[in-house]
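Visitor: Hi! I'm new to this one, could you walk me through it?
Guide: Happy to. Here it is, and then just ask away.

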Amino acid sequence: MKIGITCYPTYGGSGAVATELGIALATRGHEVHFISYRQPFRLPSFLARVYFHEVQVGQQYPLFEYPPYDLALAVRMHEVVKAHGVEVLHCHYAIPHATSAWIAREMLRAEHADVAVVTTLHGTDITLVGQDPSFHAITKFSIEKSDRITAVSEFLREETFSAFGCAGCRVSVIPNFVDPAVYDRALYGQAERLPFVEGRKVLMHISNFRAVKRVRDIVRIFAAVAAEVPSVLVMVGDGPDRPAAEEEARALGVLDSVFFLGKIEAVAPLLANADLFLIPTASESFGLSALEAMAMGVPVIGTNTGGLPEVVTSGTTGLLYPVGDVAAMAAGALSILTDPGLHETMGAAGAADARSRFALDNIVSQYESLYRSAVKQPSDAH
Ligand code: GMT
C-alpha cells in the first residue's frame, strides 16, 4: 500500500511511534510518505520506499500573527496524495493533523479523488489540549470525520468517550510497540557503558521534561535512594522543566550525582546502563519510555495513573504508586535495588512481557489490517 504519515517530528513518543511504524511498514514493502514540517527525529536519512515531504508555511506575511501551518499541511497532504497515489493518510496526534487531513480529503473529493483518513490518538490531544475550549469542537469534529480512529491504550479510549461523547466514534485500541531486535540488552556491551557510573546503581528517566512528568519527584526519589545505596541519576531528554530538576537536585545536595545528557535519539544503548527506570508522571496515556525500559530488562518505578498500569504490571515488571507518593516510590526502588534476585526476576519479566504483548511485528500487522479495512470500506462519516 501507499501510506502517508503525519506526526510531530521533534522528540516525543507520538513522533517516535509514527516514525518506527513507517520504517516497519516500508520494510514490509509498503511505500511510506512522511509529511511534516521537519524530518522526524528517528528517521534515518535514506531508507528504501520511505519519502519525506516538508511542509513549508510560505511567506511570513505581516498580516499573519499566527502563520497557518494547518492549511499548509492540508495543501501538502493533498499534493502528496495526488502525486504519489497515497491511499491512507495516517495522522498521529489529532491536533491539527486530523483536521488538515479532513481538509485534504475534502479537496480531493471535490476533484473526484479520495483518501482514507486514520487518526491515532496519543495522549494530550485528548486529555489536555483537545479539551481546551478553543480546540474542543474541532477535535471532536476531526476525530469523528476520520475513517478509523485508534487510541494507544484502553484508558485513552475511555477518555475519548468521556471527553467528547463522540457518538459516531469507533475507537480501536492499538498499543504502542518496541522492536525486540533493537531493545535487547544482550546487544550492548562495554563500549556503551556510561563512564561516570563508577560502580554505582543507575536510575534513569527519559522524557521531554514537561510539567506532567513531575521531574522534581524524580529527583526527590533519587535523593532518598542515593542516601541508602550509592547511585547516579541519568536524565535523558530536554524540555521546560529541566531547570526545575536542576534546582531540586541542588537544593537536595545531589547535583553532583545527577547527569543531564540532553536529547539522545537512540535510547536502547543508554537503557542498557540502567538499573531502574523512573516515571512518576501525573498523567500518561501509555508511557512508551517505560515500555522501552521493560524491553531492555529494566524494572520500572512509576505511578498507577492513566494507561501506565496497562504497560507496567505492578509487582511483576515494576512497582506503581499513587501520584506524588515519593516516599513509597523511593522505598519501592530500594526494595528492588537491594534484592538482586527480585531485580533480575522483574527485569526478565519486563523483557518477556514487552516481547509478548508489544512486539513490533504484531502491532504493525494490526495497523496494516486497519488500513486495508479503511480503504475497502471507508466510514460513512463524510
Ligand atoms: O500526548 C502528549 O503529551 C505527547 C505525546 C508525545 O508525543 O510524546 O505523548 C503521548 O504519546 C506517547 C506515545 O503514544 C505516550 O507514550 C505518552 O504516554 C503520551 N503522553 C501523555 O499522555 C502525557
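Visitor: Where is Tyr93?
Guide: Tyr93 sits in the loop between β4 and α3. Keep in mind that this is a predicted model.

Visitor: And what is phi of Tyr93 near?
Guide: Phi of Tyr93 is near 80 degrees. That is a positive value, and the residue is not a glycine.

Visitor: OK, and where is Pro96 found?
Guide: Pro96 is found in the loop between β4 and α3 too, and helix α3 covers residues 97-110.

Visitor: What kind of peptide bond joins Ile95 and Pro96?
Guide: A cis one, with omega at about -10 degrees.

Visitor: Let's go to β4 itself. How many bridges join β4 to β5?
Guide: Five bridges join them, and the two strands run parallel. Strand β4 is made of residues 88-92 and β5 of residues 116-121.

Visitor: Which residue in β5 stands opposite Val88?
Guide: Ala116 does.

Visitor: Switching topic: how many residues surround the ligand?
Guide: There are 16 residues around the ligand. Gly13, Ser14, His122, Thr124 and Glu284 are the closest.

Visitor: How do those in the shell divide into nonpolar, polar and charged?
Guide: Four are nonpolar, 10 are polar and two are charged.

Visitor: How far is an oxygen atom of the ligand from the side chain of Ser14?
Guide: An oxygen atom of the ligand is 2.6 Å from an N or O atom in the Ser14 side chain. For Arg210, an N or O atom of the side chain is 3.0 Å from an oxygen atom of the ligand.

Visitor: What about Leu288, which part of it lies 2.9 Å from a ligand oxygen?
Guide: Its backbone: an N or O atom there lies 2.9 Å from an oxygen atom of the ligand.

Visitor: So how much of the ligand's accessible area does the protein cover?
Guide: The protein covers 93% of the 480 Å² of accessible area that the ligand has on its own.

Methods. Residues numbered from 1 in each chain as written. Predicted model: local features only at pLDDT ≥ 70, side-chain atom pairs only at ≥ 80, totals over all residues. Heavy atoms only, no water. Pairing = 2+ DSSP bridges. Helix = DSSP H or I, 4+ residues; strand = E, 2+ residues; numbered from the N terminus. Near = heavy atom within 4 Å. Polar contact = N/O pair within 3.5 Å; in protein donor to acceptor, adjacent residues only side chain to side chain. Areas by Shrake-Rupley, 256 points an atom, 1.4 Å probe, with all protein chains shown as cover. Nonpolar A, V, L, I, M, F, W, Y, C, P; charged D, E, K, R; others polar.
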